[in-house]
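Biologist: Please take a close look at the aromatic pairs in this model, and then go on to the surroundings of the ligand.

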Amino acid sequence: MTMIETNLQTVRARMAAACRAAGRETSEVTLLAVSKTFGPQAVAAAWAAGQTAFGENYIQEAVQKITQLRHLSPPSGPPLQWHCIGPVQSNKTRLVAQHFDWVHTVDRLKTAQRLSEQRPPDLAPLQVCLQVNVDGGATKSGLRPQEALALAQQVATLPRLRLRGVMSIPEPAPDFLAACALFAEVKALFDAMNAAGLALDTLSIGMSADLEAAIQAGSTLVRVGTAIFGGRSRPA
Ligand SMILES: *Cc1c(COP(=O)(O)O)cnc(C)c1O
């Protein structure tokens, strides 16, 4: 077994235990393997171990990897699904629209409009989450919670996008309960947006260090890098 395969088993076991503890079905939470800074061989090893959804932060690096891994698709196995989880500058929207299946980091209407206009007509709509900043971390991107509903209603009308949910990266919390409390704020916003008539199914919260708290709070997708691929030598 490769190290990546062993790590994937460990992460899946952690997710299953967290689901059990929260009284949720294992099938309710998707694992996104965050492969930023790791090469195509690492992605291929994870794919061989049954992982199909991958998250990338740096657009140029991702596009190179996506292109190099085109052969990992039917009939050799299940298709790869690529999620953009890094900031999307205006000059990068076209690459994102052309190469990714999902983007989790939309926080401005302008970006959403460009992504919709630039999504190639032969591809499925781009699946979108709005990034929300619940704890006011000053250096972080993301909408303020009170801005989220209005942007969501606008994004939902864009023809080449499909609004799926909310993503957040709270500051690391000192302990499990504090992490749960922060994630619960994101979940409350997600529920309020659905109560206002949006049909969101994706709550993208939780990473290597805090996926248990995120699943406790209602995460439907955890974004896990280090626990699968090991420590990164470049900053993220
Ligand atoms: C790097 C990154 C992750 C993964 O973080 P780990 O702590 O390595 O699991 C998840 N989400 C985003 C947005 C990231 O940038």
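Modeller: The structure holds 2 aromatic pairs, where rings of Phe, Tyr and Trp (its six-membered ring) pair if their centres lie within 6.5 Å. In one of them, the ring centres of Phe-54 and Trp-82 are 5.8 Å apart and the planes stand at 40 degrees, so this pair is tilted; planes under 30 degrees apart would count as stacked and those over 60 as edge-to-face. Phe-54 belongs to strand E2 (residues 53-56) and Trp-82 to strand E3 (residues 81-84), so the pair ties together parts that are 28 residues apart in sequence. Strands here are DSSP runs of E with at least two residues, numbered from the N terminus. Phe-54 and Trp-82 are both buried, that is, under 20% relative accessible area with a 1.4 Å probe, protein chains only.

This is a predicted model, in which local features need pLDDT of at least 70 and side-chain atom pairs count only at pLDDT 80 or more, while totals for chains, interfaces and linings use all residues. Residues are numbered from 1 along each chain as its sequence is written, and side-chain values use heavy atoms, with hydrogens and water left out.

A side-chain N or O atom of Ser-208 is 2.5 Å from an oxygen atom of the ligand.

Methods: Helix = DSSP H or I, 4+ residues; strand = E, 2+ residues; numbered from the N terminus. Buried < 20%, exposed > 50% of the residue type's maximum accessible area, 1.4 Å probe, protein only. Polar contact = N/O pair within 3.5 Å; in protein donor to acceptor, adjacent residues only side chain to side chain.
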